[in-house]
Amino acid sequence: SGEDYDFIASSVENAPISLQEHVYRQIDLNFSDSQERLIAHAFTEALEASGWLNSDSSSIATQCGTSIDLTNKVLVALQSFEPSGIFARNLKECLKIQAKDQNILTKELEILLDNLDLLAKGQLDSLQRKLKRDKDFLFEQIKVIRSFNPKPGEIYHQNFQQINAPDLIVRQKRDGWLVDLNRSNLPSVHVNT
């Protein structure tokens, strides 16, 4: 009925999108070259739920049969996508992307991001010496870093696709291939005499 259709349509419209779906929409708008789209899709498939990459440029280049230069060019373009910080390969890169996006990546903030290990250990005196600034300035820079999202992809819905049983089962025999219907996937029919 019409009411059922309206319910289904509104459910689809209101369904949350995944990070990958969001990125694919941006790829459609930003890449017209088929080779670049192929690389962009391969990078998107390598995204973790956090928005970070779990693959490197050389692996993607090999997978797509393209040059490392073109692969890196596509990666730089992908790193400008929303949400800011996706397609980073580590925490430092994720935070730097966000700082660049907000146009606040100063020399001092870059020094601080390059020394995140010292910040994690609480070695504020060492950081202050590296920055050549007072503690108040250091604390302001730390506030800026804390305002960034270390896992920008997690704001999107994580959809896990359910794997259904196959309709057909294909087996190789000595004299060829055998294709059978998967009987466990067919509805049962009972005849009441």
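The legends below describe close-up views of one predicted protein model.

In this predicted model, local features need pLDDT of at least 70 and side-chain atom pairs count only at pLDDT 80 or more, while totals for chains, interfaces and linings use all residues. Residues are numbered from 1 along each chain as its sequence is written, and side-chain values use heavy atoms, with hydrogens and water left out.

**View 1. The elements of the protein.** The protein has 10 helices and 2 strands, where helices (H or I, at least four residues) and strands (E, at least two) are DSSP runs numbered from the N terminus. From the N terminus on, the order is α-α-α-α-α-α-α-α-α-α-β-β.

**View 2. The buried face of helix 4.** In helix 4, which spans residues 57-64, Ser57, Ile60, Ala61 and Cys64 are buried. Seen down the helix axis, these buried residues fall within an arc of 100°, so they line one face of helix 4; the arc is that of the directions from the helix axis to the C-beta atoms. An α-helix has 3.6 residues a turn, so residues three or four places apart point the same way. On the other side of helix 4, Thr62 and Gln63 are exposed. The cover over the buried residues of helix 4 includes helix 3 (34-45) and helix 5, and just after helix 4, glycine 65 takes a positive phi of about 65°.

**View 3. Glutamine 26 and its partners.** Glutamine 26 is placed in helix 2 (residues 19-30) and, at 13% relative accessibility, counts as buried. Its side chain makes a polar contact with the side chain of histidine 22 (2.9 Å); a polar contact is a pair of N or O atoms within 3.5 Å, where, within protein, one must be able to donate a hydrogen and the other to accept it, and residues adjacent in sequence count only if both atoms are side-chain atoms. A polar atom of the glutamine 26 side chain also lies 2.8 Å from the backbone oxygen of glutamate 82. Leaving aside neighbours within four places in sequence, glutamine 26 is in contact (heavy atoms within 4.5 Å) with Phe81 and Glu82.

Methods. Buried means under 20% relative accessible area, exposed over 50%, partly exposed in between (1.4 Å probe, protein chains only).
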